[in-house]
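Follow the pairing, then the surface.

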Amino acid sequence: MDRGKKSSKLLANKNSKNHMDLQDIIRESALPFLPAKSLHRCTGVCREWKLQISTPFFAHNQSYSFRDVSGFFCQSPSGTPSFVSLNRMAYGVPDPSLKFLPEPVDIRCSSNGLLCCQGRTGYQAYYICNPVTQKWKKLPEPTANHGTDPAVVLVFEPSLLNFVAEYKLVVAFASDLDGFEFEIYSSTDGFWRISAEISFGKMKLLPRTGVHVNGVVYWSSSMGRIFSFDLSCERSTFIYNNGCSSLGAVNGKLHTACVQGSKLSVNELSNAYANTMQMNSSTKTWQAKHAVTLNFPVPDLYPRSYDKETVLFLGGDMVVMRFEKKLISYNMKTKEFTEVFTEEDTYSRMVPYVNSLVEI
């Protein structure tokens with residue numbers, strides 16, 4: 001009888017230890033990889049989880065671990081922002097209208113959980129905010145005139161070493177010297193600085209096309225070429241484009257994507273300097289990575305040309321496309337399509353957003 005009791009007690013202790021080990025594994029190795037909305041629901045599981053999720057260290061760890069695009073902030077001209085979630089159970093923000101900011105704003109761009117907005121009054125200040133925590137920072141007035149719809153890119157790469165987000169805001173603006181200049185705000189320095197670089201030419205950079213890949217900012221242009229600005233040496237150049245205006249970062253490299261008819265094409269920048277190679281060189285600027293036939297009915301709106309508005313987002317393993325009131329995501333790794341419906345099909349601006357706890 002004593003042996004039976006001892007065996008039962010040992011088994012109970014072992015099960016209890018396994019249960020605690022599983023809790024520790026989930027708490028340490030799974031929770032930081034969840035989006036902010038899912039984590040809010042996890043705070044109701046137990047007191048330990050709630051305490052851990054509310055710590056600054058956990059917020060820092062989550063902002064580094066979770067990088068998946070979660071949805072889009074949408075806005076019509078002079079309208080109020082809203083949020084379209086790619087998974088309503090997992091992704092969301094408490095106030096999609098951004099009314100926690102001190103004035104009405106226009107959404108400009110985003111980067112890894114931070115959102116850049118621009119005020120409509122005064123000097124039209126830039127605001128950097130996290131819609132999840134509703135914390136924000138108003139940037140000082142720039143030196144240059146950035147125009148009414150600036151070509152602006154927010155650069156933020158989460159780091160395990162920095163508990164407070166360090167970011168840059170890069171703006172390409174029209175120069176009086178018939179070209180483009182660049183003004184850069186650094187959160188580390190706390191002020192704007194105009195770069196010595198001037199790019200001459202009459203082309204127009206397309207707002208809301210800018211992306212940041214490995215220290216280089218890229219924009220699509222009105223002349224069909226890609227314009228790049230290297231942040232390390234502050235030099236600009238043009239890259240031959242393959243006809244796709246949607247830019248994104250995939251595996252640390254610049255990619256383009258477009259829909260033509262019922263086909264989705266994704267290409268990788270393999271050599272930005274291929275056009276400087278000697279004649280008959282086999283080196284190509286772009287390498288085709290994905291050519292996918294869309295397995296759903298596509299509106300026949302652009303039968304003979306690339307639709308520049310169809311691809312909303314390209315990054316990581318995902319391509320997100322818009323067809324009227326329907327958003328369709330394509331996972332390049334699993335090759336699966338997912339449909340998401342929106343309330344409207346007239347949004348002029350849709351900015352991708354990562355559901356992060358990043359601290360400003």
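Predicted model: local features only at pLDDT ≥ 70, side-chain atom pairs only at ≥ 80, totals over all residues.

Phe 180 has its bridge partner in strand S10: Ser 199. Seven bridges join strand S9 to S10, residues 191–200, and the two strands run antiparallel. The chain gets from one to the other through a hairpin with four residues between the strands. Within that hairpin, Gly 190 takes a positive phi near 85°.

Now take the other neighbour of S9. Eight bridges join S8 to S9, again in antiparallel fashion. Here Val 171 finds its bridge partner in Glu 183 of S9. S8 and S9 also form a hairpin, with three residues between them. Asp 178 sits in this turn and has a positive phi of about 65°.

So what covers S9 on its two sides? Strand S9 spans residues 179–186, and eight of its eight residues are buried. In a regular strand the side chains alternate between the two faces of the sheet. In S9, Gly 179, Glu 181, Glu 183 and Tyr 185 point one way. Phe 180, Phe 182, Ile 184 and Ser 186 point the other way. Both sets are buried.

Next, the surface. Phe 163 lies in the loop between strand S7 (151–156) and strand S8 (167–175).

Conventions: Residues numbered from 1 in each chain as written. Heavy atoms only, no water. Buried < 20%, exposed > 50% of the residue type's maximum accessible area, 1.4 Å probe, protein only. Pairing = 2+ DSSP bridges.
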